Amino acid sequence: MKRIAILLIIIISYSCNDLNLSPLSEGSSENWYSTPEEIEMAVTELFNIDYWDAELTRISSGNAGYSLEWTDRFTDDWTARTTTSAVDGGTLTSQTNFVNWTWNNAYKCIAAANRILLNLDKASSNITEGKLNEFAANAKFARAGQYSKLIFHYGDVPYYTNLLTIEEAFSLGQTSKETILDSIYADYDYAIKYLPEVYGSNEYQFATKGAALAMKARIALYTGDYRTAMETAKLCIDLEIYSLHPNYRELFLSSTKNSAETIFGNPRSTELGVMIPKGGRSKEPLSRLAGGFANGGPSWDLLCAYLCTDGLPVDESPLFDPHKPFRNRDPRCTASIVEFGTEWLGYIYQPHPDSLTTLKTSTGEYVSNADNRAILMYSSFNGLVWKKKIDQDWLDLETDPDNIVIRYADVLLMYAEAKIELGDIDQSVLDAINKVRARAYGVHFAETNLYPAITTTNQAELRKFLRIERRMEFAFEGRRYSDLIRWRLAEKALTKNRYGLLDPDDLRENLVNTGGWFFPETPEIDEDGLPDFTSMYDKGLIKLLAVLSFDASKQYLWPIPSSEIEINKNLTQNPGY
């Protein structure tokens, strides 16, 4: 039996979900929730993958939801040719699609959770008290998760735990995020008390005690409640149920199911119609030769953020060679970004402008190199393509890797960060960070001679190391945006320019022929781990792709959707929108 809180997701339609007049209104049923089976079906719907930051999800109905896991595309980890998102382009409004999608889905889940909690008494004669408490705990876990998302993105929002009439839904005002946070804690505490550590082999796999602890620690950290974050993360660690997956690269692939590192997540299943489908956004990060668009991919900023194998940033390490940028780097660099000259999805990936042909590894033949902009102008504009999470399954079928919402590495780093911010620095802080780093190197954290272990106890230095560690560890997992927002670094990281390769002829003349490929020089890295490419640009050696814009006066919160403001005079729009 697996030890993790992985959820069997079945997309269910039933009578009590037919009414959907507003995200803040809900329908009820007189003849539902009377049996354990009906309650179980209702609880299953709370863990619909679309409610939990799902990525590229297509359910059996054929609908595709916008992905919050793809909030990396809002950040300095992402490059999409010359385009920007509504966040890093500074065009965020109350009508932006993901602003509305996030709000709507959160309140749909909250309404469904409230409905369950208020109807459990109907089945009290047909079910044990323990099982009723467990169902209630799952509902409160789901409700707490959605309210956590809402207060982080929107601030003060409507809060309710009852069943609303249409009139009530259209007149409900906002509750302060601080008050809602207290209620979130209460819901998580109930879930921690009544959820099992593991489920039986014949039971539906819903949330667990560890999942509630981990998610409570996350919202506590995100709201600056470091004491609660530290204490709750420690309780999760002390369960001794979870462990780091031995291979970082393999953790995210469809071949890895129910890893002991996954504390809470949604499984995908091609049989049940929950998968990453062929076509559309699934092709966006793939290389051109592999049949993709090579549009959305890793930024140069991210590439330069990975430390060298001596634990130093690229501008301090003697091991870094700007002409061979993948050499001597933290292993997560080449596990996340395709290294030049290596096999990738059936071809040798090489964006060098003189590599007009490349090897097709399955046949041994050389073919036209569509991953070179000298051959195909829409190949990667900065030469980089994603490797993390992607494997041959993306080409062969509608792939179904687990959607990991929170994993053990995050709990370890949350614990370390909270203690750093509290000034409570001891060996457990160093151990937590070093366990995550050592896993990337494939060694035990006690083998400090085999990886660049962190040894400092200086708070400022540890804060910097922790933030770099999170960036290396969670690239392409949707954590970077939340980190930039809560660290108040978005106004710095998302107002920089985004750069890429010169056009092929200029690239050969100005860079290749002078021995300057790939980077003509090493960028400087500032105190926040952010690179500066200005010198290269001023010399005409790289190309400006996009100018980023983040309005710090308003964008640390998203706007309340205009559709809600228009129908409810008691809602106040966030400042600046």
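Where does Lys 554 lie? Lys 554 is in the loop between strand E13 (543-547) and helix H19 (562-567); helices (H or I, at least four residues) and strands (E, at least two) are DSSP runs, numbered from the N terminus. The model is predicted, and local features need pLDDT of at least 70, side-chain atom pairs count only at pLDDT 80 or more, while totals for chains, interfaces and linings use all residues. Residues are numbered from 1 along each chain as its sequence is written, and side-chain values use heavy atoms, with hydrogens and water left out.

Leaving aside residues up to four places away in sequence, Lys 554 touches Leu 92, Pro 575, Gly 576 and Tyr 577, where contact means heavy atoms within 4.5 Å. For the protein chain, take the contacts between residues at least 6 apart in sequence: 72% of them join residues at least 24 apart.

The protein chain has 19 helices and 13 strands. Of its 577 residues, 60% are buried; buried means under 20% relative accessible area, exposed over 50%, and partly exposed in between (1.4 Å probe, protein chains only). The accessible surface of the protein chain is about 21200 Å², and carbon and sulfur atoms hold 48% of that surface. Such areas come from the Shrake-Rupley method with a 1.4 Å probe, and for residues only the protein chains shown count as cover.

Next come some helices that pack together. Two packed helices are described by the angle between their axes and the distance between the axes. Axes are lines fitted to C-alpha atoms, for helices over the stretch in contact, and angles run from 0 to 180 degrees between N-to-C directions. The axes of helix H2 (residues 97-119) and H3 come within 9 Å and cross at roughly 155 degrees, so H2 and H3 are roughly antiparallel. Angles under 35 degrees count as roughly parallel, over 145 as roughly antiparallel, 65 to 115 as roughly perpendicular and the rest as oblique. The contact of H2 with H3 involves 16 nonpolar, four polar and three charged residues. Here Ala, Val, Leu, Ile, Met, Phe, Trp, Tyr, Cys and Pro count as nonpolar, Asp, Glu, Lys and Arg as charged, and the others, Gly among them, as polar. Helix H1 (residues 36-46) has buried residues that pack against H2 and H3, including Ile 39, Val 43 and Leu 46.

H3 (residues 129-154) has another partner, helix H6 (residues 209-222): their axes come within 11 Å and cross at roughly 15 degrees. H3 and H6 are therefore roughly parallel. On the H3 side, Phe 141, Ser 148, Ile 151 and Phe 152 meet residues of H6, among them Met 215 and Tyr 222. The residues of this contact are eight nonpolar, one polar and no charged.

Trp 517 and Phe 518 are joined by a cis peptide bond, with omega about 5 degrees. Asn 328 is not a glycine, yet has a positive phi of about 60 degrees, and is partly exposed at a relative accessible area of 38%. Phe 476, in the loop between helix H14 (459-474) and helix H15 (480-486), likewise has a positive phi, near 65 degrees. Phe 476, however, is buried, at 2% relative accessibility.
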